[in-house]
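Open the model in your viewer and keep the selection tool at hand.

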Amino acid sequence: MLRSLSFKRTPLLTSIRSRCRALSTQPASSLGCLPTTDSPVVSKLAFFNSVTGDGSKIPSYRVLDGLGIPIEGAEVPEACISEQFARRLYENMQLLPTLDNILYNVQRQGKISFYMTSYGEEAAVVGSAAALADDDEVLGRTNVFIAYGFANSTAAQYREVGVLLWRGFTLDRVMAQCFGNHEDVGKGRQMPVHFGSKQHHFHPISSPLATQIPQAAGVGYALKRDPARRSKNVAAVYFGEGAASEGDFHAGMLLASTLPSPTLFLARNNGFAISTPSSQQFYGDSLSARGPGYGVDTVRVDGNDVLAVLSAVKEGRRRCLEGGRAVLVEIMTYRVGHHSTSDDSFAYRGRQEVENRKKIDNPITRFRLFMESRGWWNETEEEELKSRLKQDVLTAFKRAENLKKPDLKELFTDVYTDEPWNIREQREELVGLIEKYGQVWEPWRNDLKNFKDEGKKLSD
Amino acid sequence: MLARRLRSTFPALSRRWQTTASTTAVDPPSAGGHPSSVASSQLLRMTRESALRSPGISWQDEESDRNIVGGRETRKMNLYQAVRDALSIALAKDDTAVIFGEDIAFGGVFRCTMGLAEEFGRERVFNTPLTEQGIAGFGIGLASMGHTAIAEIQFADYIFPAFDQLVNEAAKFRYRSGGKFSIGGLTVRTPTMAVGHGGLYHSQSPEGFFMGASGLKVVIPRSPIQCKGLLLSAIRDPNPVIFMEPKVLYRSAVEQVPIDDFTLPLSRAEILIPGSDLTLLTWGTPVYHCESALRLLNSPPPSLAPLVPPSLRSAKVELIDLRTILPWDVETVVESVRRTKRLVIVHEAGMTGGVGGEIAAEIGKRAFLRLEAPVRRITGWDVPAALQFEKFNMPDAVRILDGIMETLSY
């Protein structure tokens, strides 16, 4: 192929040269370009290993400094940030640790089986949620898998519940899912924090990492094909920097850029995938450096700065709709909490390092200082908010705690739209076993009482 | 998957890369791989009337009450043309339907999507990058939005990169959302089974790997009529379906196919030849090897005659096409075995962990007192599909004949 191109002044070569000139931003090379790229041919051997021209790292966009003061040259997104909106952002940011504190502790008491906190990532969650339209389709992942009672994961976790809460998902529904009670729309089938809500355009979370990423490209394509939603909605997909090591990340970026699909990739890089620091996850300039490789508009943003996250995701979404293609926003944070309730992170990082992080660069404090500097917030309001949120969470928690599990029959429904013979027979077999042993085998007798139908609807 | 793979393995296909997308003429079948039994099969419906009277046909148009033999037409089609015909109907009747996969825009490496991109536009019929996990994930995403997603995996051998998406995601999507989300619009088509010279990675029958993926349906047709009717059912079924097309039949299986929109039921086996002495159960390509084996049994050629006892030649063997692997039609199979008292299962995939083991266990449970011989499985050996050894690896007519005779004389 190369050899054939060395023949000069063939029509093919001429057309490639002119195409090369038309598309390249660099001066056309006198040597032309290769047939499958517009890249000019050069005579000097030079390797490169950076997406920035001077070899430096991709910069992180920031609006507010640690004291909540706009940094030099930064613009506060006044157009979208009124006092009322700022308060809503702040309340949602405060709600997350309130929820986390209570649910983390009740997990410790054994009342729910599992939990993951979002400490330190409040700005990343709430800022990005606020930048989306409420009917943008969201796909997330808790990035958890569990085996023999141990929770584990291969990537950083993101509490997309923040997105749901922003959209009005109630605390009762949060609790219903975590307790797996009969109010849970997921019918108590999935582990805690695996939320989903059709009404809130939030696709059901599953544990396998990164599987949602190519799915998001498909959702984006569907939005583009739907006349009612074309140019109106994007598919927004959340994942951690560990999940981005999966093949599905590669597939999803490729599909959304090539096909193309309006898909907004929201990568949250908090430095850890359970115990694995990002230095063992990749060698390049993190996830942002990969975006341009897929031809994707990319930005890196300070994830502890809610205004920076808000602006970056808003602009990313705009580009996504305008170009109809993938956009990548890498949100840099630090996982202050343990990976999950099954993890003691001090086994692989220093306690002091974490404590310092909490104090020096706390996303909630940073935004609170900004609010105070504008006269939008004060100590009294802070106390009121904290006690109100705590009360709300406790009320929902206590209510959920006393609700029964779903009907036992739901073990067998929804595998298919209809019940095939094998599942029907297996359900009937369990009916017979419960009739025989349900009242004499203690583990079953105790648990049957917890189900709404006490197993009686199983034979329907 | 790659042009390279095809060129090395399918010389006839590599030539097709040079053809234009608008070419619709049928090339003569390429040499090798086509079982001669298909050409002479009595199971294929060569007349309009017999085609229109195919059991289980359900017409899907306004005139569904029209006399089926009266006003309806048929056209001679091979299996790939039947696929194309079904896809064309699916796209024409459902605006949300899209078709995607590797190399499908120019017509597909097996021509199943010939001309569809030109007819329905590149937004509805398009190439994807070479990523099977991506294709499956993309299809799940589309289907989760209520769209009809018809994905193609170029060979069933390459479905394994998508295994996670299909088993962990597609199969469990409805269940994990409490029935609130559905990806019922997803159908994954993929060419399967041996082709004469496919070697390790153009010959596999992976249906058994999906046997435990409750939530998925797995369907394998045996002929053009079956392919069209079952594929349209699969596309419209409210559950995700993996549809495996026996690739050696793409060109070799030819019959009259009704041109109207019709479906055939999923999870229903079909009794092709009624019998009373033994039940022979199979699906896909081996249907024709089984038919040949029955011919050998009833009237063996002189070379085999000394090996076929005259007492067995008049045996009435019931031939059943399972058609749907998951969830399979236990009722028809059990009813048949209770009558015949003997069961032989034939499939191309290896024996250990294959679909035959699942069926044998269930029949052992349900027909234990009726069985007069052990359930016999005639399958590929538990080895990969070695290129030069295919004739001795795949269950051919003589192996099936031998298994039938042993089971009859047990």
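Which residues does L166(B) touch, not counting residues up to four places away in sequence? Select L166(B): it touches A136(B), I159(B), A171(B), V188(B), F210(B), L216(B) and I242(B), where contact means heavy atoms within 4.5 Å.

This is a predicted model, in which local features need pLDDT of at least 70 and side-chain atom pairs count only at pLDDT 80 or more, while totals for chains, interfaces and linings use all residues; side-chain values use heavy atoms, without hydrogens and water. Residues are numbered from 1 along each chain as its sequence is written, with chains lettered from A and ligands numbered from 1 in the order in which they are written.

Next, select helix 8 of chain B, residues 163-170. Its buried residues (under 20% relative accessible area, 1.4 Å probe, protein chains only) are Q165(B), L166(B), V167(B), E169(B) and A170(B). They pack against elements of chain A, helix 7 (212-225) and helix 8 (247-258), and against elements of chain B, including strand 6 (186-192) and strand 8 (241-246).

Now widen the view to the largest nonpolar core, of 166 residues. Such a core is a set of buried Ala, Val, Leu, Ile, Met, Phe, Trp, Tyr and Cys residues joined through side-chain atoms within 4.5 Å. F239(A), L166(B), L280(B) and L297(B) touch the most other members. Helix 5 (residues 79-93) of chain B gives the largest share, 9 residues. A second, separate core of 74 residues includes L103(A) and F202(A).

Methods. Buried < 20%, exposed > 50% of the residue type's maximum accessible area, 1.4 Å probe, protein only. Helix = DSSP H or I, 4+ residues; strand = E, 2+ residues; numbered from the N terminus.
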